[in-house]
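Open the model in your viewer and keep the selection tool ready. The stops below are meant to be taken in order.

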Amino acid sequence: MRIVLGIESSCDETAAALVREDRTILAQRIASQDEAHRPYGGVVPEIAARAHVERLAPLIEATLADAGMALDEVDAIAATAGPGLIGGVMVGLVTAKALAMASEKPLIALNHLEGHALSPRLADATLAYPYLLLLVSGGHCQILLVEGVGEYRRLATTIDDALGEAFDKTAKLLGLGYPGGPAVERLAATGDPRAVPLPRPLRGKPEPHFSFAGLKSAVLRARDSGEYADADIAASFQQAAIDCLVDRTRRALAVAGTPTALVVAGGVAANKAIRAALEALAAEHGLPFTAPPLPLCTDNAAMIAWAGIERLALGQSDPLDVAARPRWPLDPGAEAVRGAGVKA
Ligand code: KG4
Ligand code: ZN
């Protein structure tokens, strides 16, 4: 059975994993850089790239040691080649190239979004194509119809901020620290979701795209007005975000044909209120609702190794001169949207 070493370094997680064809994660390690970026309230690309340089090689060694394996026993090396912060992507890709060259194993240069798109299949062998994937994290906010390996239809993207980013910015405005999603969710649980009138950007629009920048500005105005308690602002923000997410996903379901399931992935999928709302939406459409376990939902290397296994099984690999790509749309055929592409 094939075993692939996966490497992920496109944002602020340095990660390595060994995954076997039968979906066993033999070992995985993740070094988060939250501490390094916390003082800035967001990921600083230069700090991230340096941290990847320092951490990646020892992390790969430790991952191999955890599995009791030598590089020779691996069938291929898979790494994120984009989209993402280019400094970090290059660190991971160059490392993968060096390992592939030294071990004479195939290199698989992957789109990070493909890792997310296929991760539900690592968690669930029974998940059949096509499934509708809502990918919501600090860097991504997309709805993808996953029709097969390499066959992704992007039905929606954000025209400005990603949803996780909106959570992080709201947290910053309320002085809750970074990363903000979990803190906003905790505070929201103690507030009134109807207390603050906030907009639902793009609600009702025929195209299922997202927009969260206006919501963030409205949160800023609400806070500056001094009229509302922080908990009410957090709760109202979260409710507005949920209303947008549900409305936009409902719209995507209307144009998606007949998917087998609604799947949510990305760091924001940790939010219990959001999961509950999406589960209700799926039930409304008679669809199963699933989310990969959280460690597979957020940025990780197991999903990269798994996507590598899927590609390898199709006989695919990449030349050693393959380039890192800061921007790399998963669905090149998708219509460009104003503002889209900026954040992959
Ligand atoms: O997937 P992820 O770990 O990294 C990328 O951004 O790619 O996602 C992190 C994002 C952050 O923006 C964080 O605030 C958000 O996911 N997040 C949440 C929650 N937990 C994490 N947002 C809302 N509610 C949560 N419980
Ligand atoms: Zn990601």
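Where they meet, 19 residues of domain 1 are in contact with 20 residues of domain 2, contact meaning heavy atoms within 4.5 Å.

A word on the model: it is predicted, local features need pLDDT of at least 70, side-chain atom pairs count only at pLDDT 80 or more, and totals for chains, interfaces and linings use all residues. Residues are numbered from 1 along each chain as its sequence is written, chains are lettered from A and ligands numbered from 1 in the order in which they are written, and side-chain values use heavy atoms, with hydrogens and water left out.

Next, select Glu13, in strand β2 (residues 13-20). Helices (H or I, at least four residues) and strands (E, at least two) are DSSP runs, numbered from the N terminus. What is the nearest side chain of opposite charge to Glu13? It is Arg55, 8.7 Å away; Lys and Arg count as positive and Asp and Glu as negative, while His and the chain ends are not counted. Glu13 is buried and has no salt bridge. Buried means under 20% relative accessible area, exposed over 50%, and partly exposed in between (1.4 Å probe, protein chains only). A salt bridge is a side-chain nitrogen of Lys or Arg within 4 Å of a carboxyl oxygen of Asp or Glu. Beyond its neighbours within four places in sequence, Glu13 is in contact with residues including Ile30, His52 and Asp299.

Now go to Arg23, in the loop between β2 and β3 (25-32). Arg23 is not a glycine, yet its phi is positive, near 75°. Arg23 counts as partly exposed because its relative accessibility is 25%.

Look for Leu202 in the loop between α6 (181-188) and α7 (213-225). Its relative accessibility is 23%, so Leu202 counts as partly exposed.

Pro83 sits in the loop between β4 (76-82) and α3. Then select Tyr129 and Pro130, which are also joined by a cis peptide bond, with omega about -10°. Pro130 is in the loop between α4 (112-123) and β6 (131-136).
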